[in-house]
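This report walks through selected features of the structure shown here. Keep the sequence and the model open while reading.

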Amino acid sequence: MIEQFAKEELENVAQKIEKEGISKDIRKRLAELGLLAATLPQSENGSGIDRRSFSLVLMTIAKYSASVAYFTYLQNTLVNEILSKAQKRKEEIIKIASGESTGTLVHDLNLNFPQEVYIKGYELYGSNSFVILPDADLHLVLARSESPSYLIMANPVKIEKKKPLGFRAISFGVASYKQTIEEDRIILKDADSLLKSHFFDTSDQIAAIALGMSESAVEKAIEYSKERKAFESYLYEFQPISAVLTDMKGRIEEMKKALMLSEVVQDRILLKLNALELSRLASRVALQIHGGYGYLEDLGVERYYRDSMFLTMLSSNYIKDIKTVSKEIISPDAFKI
Amino acid sequence: MSDLSFELPQEVEETRKRARDFALREFTNELIEHFDETEEYPNEIRKKVFDAGFITIENPWNMLVTMEEFCRVDPGIGLSTLASVFGSEILLLYGTDEQKEKYLYPTLKGEKISAVAVTEPGAGSDVAGISSRIEKTEKGWMLNGHKMFITNGTVADHYYLLARSAPPPSKEKRHHGLTLAIVERRWNGVNPVKLKGKLGMRATDTAEITFENVAVPNENIVGEEGKGFYIIMTFFNISRVYVAAQSVGTAQGILDLLLEYLAEKPASFREMEYVQFALAEISALIEAARNITYKAATKVFSFNPDPALTSMAKYYAAEIANQVANTAFKIVGIEASGSKLEKLYRDAKITEIWEGTSEIEKLVISRMILKKIQEVK
């Protein structure tokens, strides 16, 4: 069903989506398919899909439109799952699950140093320069105070959009806040640690998006290698080209198996890092095989090159990720110096 | 064995400093963003580059270090301005006095812009596979064909164009029967169309050009009829050194930005050994790429080119530019979004594609090395 949706409703308009954004119609279709609250239990207006099935959904959508896959992840995993953890946020979940409104999570956990969004008393102020979907209807904002940190439902006083490297169907930019918060808008305390563990726990979903993108990039390159000739032979007939494409295919298949087996959080983080690296490599190979044509946006190949790096930037801080896993699997003293 | 000197002459070092100062002053962030966004050709900056005397054939080292320093600040504007004389070495080496007078000297004065038109929709790396035809007529030559990804295609006054003038004598000699001609952009039948939407290098002008029954006078044929392939390969041996310098400059620019980022952050961040090792690796790779580029340039500029070495320099420096971009992103992460680092990441990719893909460079290198086995036998 998801494959059919992605193939019929996303494949041919993927470039248009990148230029014009994710339309209300697409949001509506994602809602009808139950994907915007996919992993929430049915009792909380969700679809009750298990996490592995949801990873497969994201991987399938990412093959046709990485932006739509990331948007789905953002709404389901970063907004609705967190709202669900906060409890008693039924109304907001219903709106986002139906596609009627959109949400975003504003945080600084992937930055090397915190951004300055603070809460003092009930005063929220400051800005974050790296917000995905800053024009969302609902902002869940990680605000820091002396102790602890809070997650707050807020509205920005100002947003400034920037052209992102990738996922150009989704807006990106700066969001500034200055408002007095009512107590019921504070939805989580100690939000910092809760969000960190949520990100780590759902790392396999990012891996799934990266694998979908890799698969699509490599398939495009294989297709092109069967059409394009150089030196009177098809590209796929050249040994180095066949070898690199076969190697990529093999690595993708191995990682897909690992995706279905990742039980513990460390495995999921490592899988995410490896899948992101693979997606950057696969996109570079695909672009290289397409040559000059790949460098132009018309064929949609350069998009993989931008999207794979942007997904890496949005979803990972290599130093923080590898540090977390090192401490877990080697020693608490690892990665100290 | 005598000591090797790794020092460039003082005059060249002075040019490097002037080029760096010029680029930092003239390639403002505002202009870099403007040309990246609009994909316009930076013609006003090109004129300033000429006025400042950076384009000269008297000492090619000056052009090489200028390429490096310009691309260090912005590869798009840097390459656009310096490549406005693209292909001039062809006339310098093979042109007649009349051709030099009419096309080369005005180009070197900044009065005209030149381009090299070799790549075709069905023949990129495979130069011998081109299908544009130039045929003899009673009054001169007639050109019909289609060229693709031509740098300066819509802004050039003339192109140095390769087309087939005779069928290849055999499958093994496909490179025979190709002729080089000077074709003016404003002639009847020449139709250049700008290609927009490139991943990077968006300040460079790139075009698809069709040629329909274009009359080319006899005096515009360069070198010997049917020997155009050799002329172009000689030219690539020169131009690939400049692309290597483009890559070195781009990689150095990425390192500059990384250092700026680290300088802004608390010392504890740069004291992390993971960061320090990455910095050390990047620096070593760039230094190695620069050295191989200069070694190849030494051979080319002393009229003793080593095609394998030139291809090694072009391939290796391009590989390093892209690798350095990836490593820098790993450290800076999402904070690189919307920054110049992001732009250099997009710009760097082209170095593995144009003037011979990395795959072609590897073929050149291995063929030259394998020749040595035959010599031993």
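## Nonpolar core

The model is predicted. Its largest nonpolar core has 209 residues, and Ile209(A) and Ala181(B) touch the most other members.

What does Ala181(B) touch, not counting residues up to four places away in sequence? Its partners are Ile134(B), Trp141(B), Leu143(B), Leu161(B), Ala163(B), Val216(B), Asn220(B), Ile221(B) and Val222(B).

## Helix α7 of chain A

Helix α7 of chain A spans residues 191-201. Its buried residues are Ala191(A), Asp192(A), Leu195(A) and Phe199(A). They lie on the same side of α7(A) because they cover an arc of only 100 degrees around the axis.

The face turned away from the buried side of α7(A) carries Ser193(A) and Ser197(A), both exposed.

## Helices α4 and α8 of chain A

Helix α8(A) also packs with α4 (residues 51-64) of chain A. The angle is about 35 degrees, and the axes are 7 Å apart. The crossing of α4(A) and α8(A) is right-handed.

From α4(A), the contact takes Phe54(A), Ser55(A), Leu58(A), Met59(A), Thr60(A), Ile61(A), Ala62(A) and Lys63(A). From α8(A) come Asp204(A), Gln205(A), Ala208(A), Ile209(A), Leu211(A), Gly212(A), Met213(A), Glu215(A) and Ser216(A). By class, the contact of α4(A) with α8(A) has nine nonpolar, five polar and three charged residues. Ile209(A), one of the contact residues of α8(A), is also one of the two residues that touch the most other members of the largest nonpolar core.

## Contact between the chains

How many residues does each chain bring to the contact? Chain B gives 31 and chain A gives 29. On the side of chain B that touches chain A, four elements each supply at least two residues: β3 (141-151), α10 (273-301), α11 (307-332) and α12 (340-348). The largest share, three residues, comes from α11(B).

By class, the side of chain B that touches chain A has twelve nonpolar, nine polar and ten charged residues.

## Phe167 of chain A

Phe167(A) is found in the loop between β6 (158-161) and β7 (172-180) of chain A. Is Phe167(A) buried or exposed? Phe167(A) has 26 other C-beta atoms within 10 Å, so it is buried.

Leaving aside neighbours within four places in sequence, Phe167(A) is in contact with Ala66(A), Ser67(A), Tyr70(A), Asp307(A) and Phe310(A). Phe167(A) and Ala69(A) are 98 residues apart in sequence. In space they are 9.7 Å apart, C-alpha to C-alpha.

## Positive phi at two phenylalanines

Phe231(A) is not a glycine, yet has a positive phi of about 50 degrees. Its place is in the loop between β9 (229-230) and β10 (233-234) of chain A. Phe231(A) counts as partly exposed because it has 14 C-beta neighbours inside 10 Å.

Phe149(B) also has a positive phi, near 55 degrees. Where does Phe149(B) lie? Phe149(B) lies in strand β3 of chain B. With 24 other C-beta atoms within 10 Å, Phe149(B) is buried. Strand β3 of chain B is one of the elements that supply at least two residues to the side of chain B that touches chain A.

How values were computed
Residues are numbered from 1 along each chain as its sequence is written. Chains are lettered from A and ligands numbered from 1 in the order in which they are written. This is a predicted model: local features need pLDDT of at least 70, side-chain atom pairs count only at pLDDT 80 or more; totals for chains, interfaces and linings use all residues. A nonpolar core is a set of buried Ala, Val, Leu, Ile, Met, Phe, Trp, Tyr and Cys residues joined through C-beta atoms within 7 Å. A residue is buried if 20 or more other C-beta atoms lie within 10 Å of its own, exposed if 12 or fewer, and partly exposed in between; C-beta atoms are placed from the backbone. Two residues are in contact if their C-beta atoms, placed from the backbone, lie within 7 Å. The arc is that of the directions from the helix axis to the C-beta atoms. Ala, Val, Leu, Ile, Met, Phe, Trp, Tyr, Cys and Pro count as nonpolar, Asp, Glu, Lys and Arg as charged, and the others, Gly among them, as polar. Axes are lines fitted to C-alpha atoms, for helices over the stretch in contact, and angles run from 0 to 180 degrees between N-to-C directions. A crossing is left-handed if the near helix is turned anticlockwise from the far one by less than a right angle, and right-handed if clockwise.
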